[in-house]
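User: I want to learn how to read salt bridges in a model. Can you walk me through it?

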Amino acid sequence: MPEPGTTALVILLPAAEPVLAAARRVDPALVRPGLAAHVTALYPFLPDAALTPSVLAAVRSLASAVSPTEVRLAEFLTAPGFAALPAPSLQPVTDAVCARWPEVLPYGGRFGPRPPAHVTVAMGGDEETLSRVADEVRPLLPLTDHARGLQLVALTERGWELRLEAPFAG
């Protein structure tokens, strides 16, 4: 679990909430609490204490160069202990964020320098449990949403809190 002070840049996709709800019905422990359905642009981001005005301005500037993007979530993928909805239309955004902060390795480098853009549906669970999640989720697909901006969130003792909302304006 992340430590307080950890931050992330995320792109909210409210249309994917029913998918997370379906996974929670199978096993609530599969869905990390505290954040709405989203694609992670960069996690972990800079520590909360390092969020200077110039960093916030850089996030705003990057977001302002991106156009609001239609996102189609049509595929459900699983890997051992993990289930996700690929979001390929957001790959250019996640790539741009990672390119802007090359010193910050996405997911600590666990998935390489360019992890695929996705909505995490479930973390943990054995093959049988993830199969049950798939049975609940696949009938809900495809889903379409519009990505409208970056959210900079920080983990505090009270949970994830919004630090900045940077709308796409390109």
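User: Which side chain meets Arg 25 in a salt bridge?

Analyst: This is a predicted model. The general idea is a distance test: a side-chain nitrogen of Lys or Arg must lie within 4 Å of a carboxyl oxygen of Asp or Glu. Here, Arg 25 pairs with Glu 136, at 3.7 Å from N to O. The two are distant in the chain: Arg 25 sits in helix H1 (residues 17-26) and Glu 136 in helix H4 (residues 127-137), 111 residues apart.

User: How many salt bridges does the rule give?

Analyst: The count comes to 5 salt bridges.

User: Is Arg 25 buried or exposed?

Analyst: Exposed means over 50% relative accessible area. Arg 25 counts as exposed because its relative accessibility is 57%. Glu 136, at 36%, is partly exposed.

User: What does Asp 95 pair with?

Analyst: Its partner is Arg 114, with N and O 2.8 Å apart. Asp 95 lies in helix H3 (residues 91-100), and Arg 114 in the loop between H3 and strand S6 (118-123), so the pair ties together parts that are 19 residues apart in sequence. Asp 95 is partly exposed at 24%, and Arg 114 is exposed at 54%.

User: Which residues are linked in a network of salt bridges?

Analyst: Follow the partners from one residue to the next. Asp 48, Arg 158, Glu 161 and Arg 163 form such a network. One of its links joins Arg 158 to Glu 161, with the closest N and O atoms 2.8 Å apart. Arg 158 is exposed, at 68% relative accessibility.

How values were computed: Residues numbered from 1 in each chain as written. Predicted model: local features only at pLDDT ≥ 70, side-chain atom pairs only at ≥ 80, totals over all residues. Heavy atoms only, no water. Helix = DSSP H or I, 4+ residues; strand = E, 2+ residues; numbered from the N terminus. Buried < 20%, exposed > 50% of the residue type's maximum accessible area, 1.4 Å probe, protein only.
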